Amino acid sequence: MDLKKVLHAIPVQQVVGNLEEVNVHSLCFDSRKVELGSLFIAVRGVQTDGHLFIDKAITSGARAVIVEELPVETLDSVVYILVADSAYALGIASANYYGNPSEQLKLVGVTGTNGKTTVATLLFQLFTELGYHVGLLSTVQNQIGTRIIPATHTTPDPIQLNGLLREMVDDGCDYAFMEVSSHAVVQERVAGLVFAGGIFTNITHDHLDFHKTFDNYIKAKKKFFDDLDAHAFALTNADDRNGRVMLQNTVAHKKSYGLRSGADFKAKVIESHFDGMLMSIDGQEVWVKLIGDFNAYNLLAAYATAILLEQETVKVLTALSTLTGAEGRFETVKSANGVFGIVDYAHTPDAVENVLKTISSLRRPEQKIITVLGCGGDRDKTKRPEMAQAALRYSDRFLITSDNPRTEDPYQIIKDIEAGVEVDQKVKTLSIADRKEAIRVAFQLANPGDIILVAGKGHEKYQDVNGVKHHFDDKEVLENTFNEK
């Protein structure tokens, strides 16, 4: 592709070299992937600075580079493009390179602390049920119709992201639904995308290792809505106190949904059982297969989005009753002696509390709740004691264990979680670093009818220890434990 076309709409400050002579055969921000004819974008990242690898990229075949700082010495054979923000330029260049695919379908982004994966997955299922060809970009997996593509990040990098959207367009997708993480917004991974709408689920304590302050975290979410254009809709949770903050500066059409506050789209839970709940959505009753107030919000967000995308109300409600949600979100297993196992991705204090509150509201007085959870290493340490407090508010027994320790000492992570255990709560708390053993002990402590919640990993099929991913599937381990003789 002509380099000038790739650079369209990028605020270029200076060009050194002749743009007319360069055709771009690929985009790269990782110097190890550069090949002959690549455009290399030097991005300043959290771990390293792409400017340190410009010479390596040129040696590997790059004939043009986008930089925030020009090298002291430049080569006549290379074009240097100076910009203020390389990450932003990468997003725009990626969209241009793939023919701006987000303009050729209706793309909806979902952001928030909890519920992103479920809302995006529900929308994918819903619009598929309505007869459309649909794309999905989520933490669990990426999907184009029935074709599944493994996901490595909640929001892919701009090159992967636009490449996937291009595939969706070429495959005939009418709609695409994607999670938009706060990291992705700050790192400009969604720059250059045109959204038909954005959804805000909620915001609670998470990712302060990256954002440093809660205010920065809120601003990252808000920026997604600030960047929506006037043709899009901005749908926010009216029951979250930061919901209105998201809409303060957006030029998109402002809409809201809620169970408690006044909102454009309203719902309430009439009955709730372990196999589903009866909801009233905008005055019409519908039985759904998901449970809990948190899922009521997720379903309402999906419903509201469908109506804003001009779908018929009756068809949408009918389709809602068939939806099952995302893998690893409140998945249930039952043992031969009647112990209930629940696997859930809840990995923030608020998510753990929401899941346990739902379980507590449905259990009989004689049923105990046994919770097994840990916290990921190399991530926000400040939430660890809060996770313990959230678990202990509703659990009869609490087993602290490993999640993905990554490069941290799992025993230190456990100590950080234990800091949230009060003296009088220690009698019902156990610490077992081996996650498989912790699940097995939870089952040994359970009586028939008791409920075991295994939280934190959900859909993940691995445990990350010192950079090595070992196979580990909570649901599989729970099922095997239930079936042991």
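Arg 44, Asp 49, Glu 68 and Glu 69 are joined to one another in a network of salt bridges. The model is predicted, and its salt bridges number 24 by the rule applied here. The protein chain is divided into domain 1 (3-97), domain 2 (100-321) and domain 3 (331-483).

**Salt bridges**

- Side chains of opposite charge can pair when their charged atoms come close.
- Lys 223 pairs with Asp 227 in a salt bridge, and their closest N and O atoms are 2.8 Å apart.
- Lys 223 counts as partly exposed because its relative accessibility is 28%, which falls between the limits of 20% and 50%.
- Asp 227 has a relative accessibility of 52%, and it counts as exposed because that value is over 50%.
- Arg 384 forms a salt bridge with Glu 408, with 2.7 Å between the closest N and O atoms.
- This pair links distant parts of the chain, 24 residues apart: Arg 384 is in helix H13 (residues 384-394), while Glu 408 is in the loop between strand E20 (397-400) and helix H14 (410-418).
- Arg 384 and Glu 408 are both buried.
- Arg 384 also forms a salt bridge with Asp 416, where the closest N and O atoms are 2.8 Å apart.
- Asp 416, like Arg 384, is buried.

**Helix H13**

- The buried residues of H13 include Arg 384, Met 387, Ala 388, Ala 391, Leu 392 and Tyr 394.
- Ala 390 in H13 is buried as well.
- An α-helix has 3.6 residues a turn, so residues three or four places apart point the same way.
- Among the elements that cover the buried residues of H13 are helix H12 (349-362), strand E19 (369-373), E20, H14 and E21.

**The sheet of 6 strands**

- An open sheet is built from 6 strands in the order E17-E18-E22-E19-E20-E21, and its pairing is mixed.
- Strand E17 (331-334) and strand E21 (429-431) are at the edges with a single partner strand each, so one side of each has no neighbour in the sheet.
- From one strand to the next, the twist in this sheet averages 20 degrees.
- Strand E18 (residues 340-344) pairs with strand E22 (residues 451-455) through 5 bridges, in the parallel sense.
- Phe 340 is placed opposite Ile 451 in E22.
- Helix H16 (residues 474-483) lies across E17, E18 and E22, and its direction is at about 170 degrees to E18.

**The sheet of 5 strands**

- Another open sheet has 5 strands, ordered E1-E5-E4-E3-E2, again with mixed pairing.
- Strand E1 (12-16) and strand E2 (26-28) form the edges; each has a single partner strand, so one side of each is left without a neighbour in the sheet.
- The twist here averages 20 degrees from one strand to the next.
- E2 and strand E3 (residues 38-41) run parallel and are joined by 3 bridges.
- Cys 28 has Phe 40 in E3 as its bridge partner.
- Helix H3 (residues 86-97) packs on this sheet and touches E2, E3, strand E4 (64-67) and strand E5 (79-83).
- The direction of H3 makes about 160 degrees with that of E2.

**Annotated positions**

- An unreviewed UniProt entry gives the annotation "binding site" to Ser 31, Thr 154, Thr 155, Ser 181, Gln 187 and Arg 189.
- These positions span 159 residues in sequence and their farthest two C-alpha atoms are 25.0 Å apart, so they do not all gather at one spot.
- Thr 154 sits in the loop between strand E9 (147-150) and helix H5 (158-170).
- With a relative accessible area of 23%, Thr 154 is partly exposed.
- Leaving aside residues up to four places away in sequence, Thr 154 touches Lys 116, Ser 138, Thr 139, Glu 179 and Ser 181.
- Gln 187 is found in the loop between helix H6 (182-186) and strand E11 (197-200).
- Gln 187 is partly exposed, its relative accessible area being 28%.

**Domain spacing**

- The C-alpha centres of domain 1 and domain 3 are 46 Å apart.

Conventions:
Residues are numbered from 1 along each chain as its sequence is written. This is a predicted model: local features need pLDDT of at least 70, side-chain atom pairs count only at pLDDT 80 or more; totals for chains, interfaces and linings use all residues. Side-chain values use heavy atoms; hydrogens and water are left out. Two strands pair if DSSP finds at least two bridges between them. Helices (H or I, at least four residues) and strands (E, at least two) are DSSP runs, numbered from the N terminus. Axes are lines fitted to C-alpha atoms, for helices over the stretch in contact, and angles run from 0 to 180 degrees between N-to-C directions. Contact means heavy atoms within 4.5 Å. A salt bridge is a side-chain nitrogen of Lys or Arg within 4 Å of a carboxyl oxygen of Asp or Glu. Buried means under 20% relative accessible area, exposed over 50%, partly exposed in between (1.4 Å probe, protein chains only). Domain bounds come from an automatic or database domain assignment. UniProt positions are given in the numbering used here, feature names are shortened, and annotations may be inferred rather than shown by experiment.
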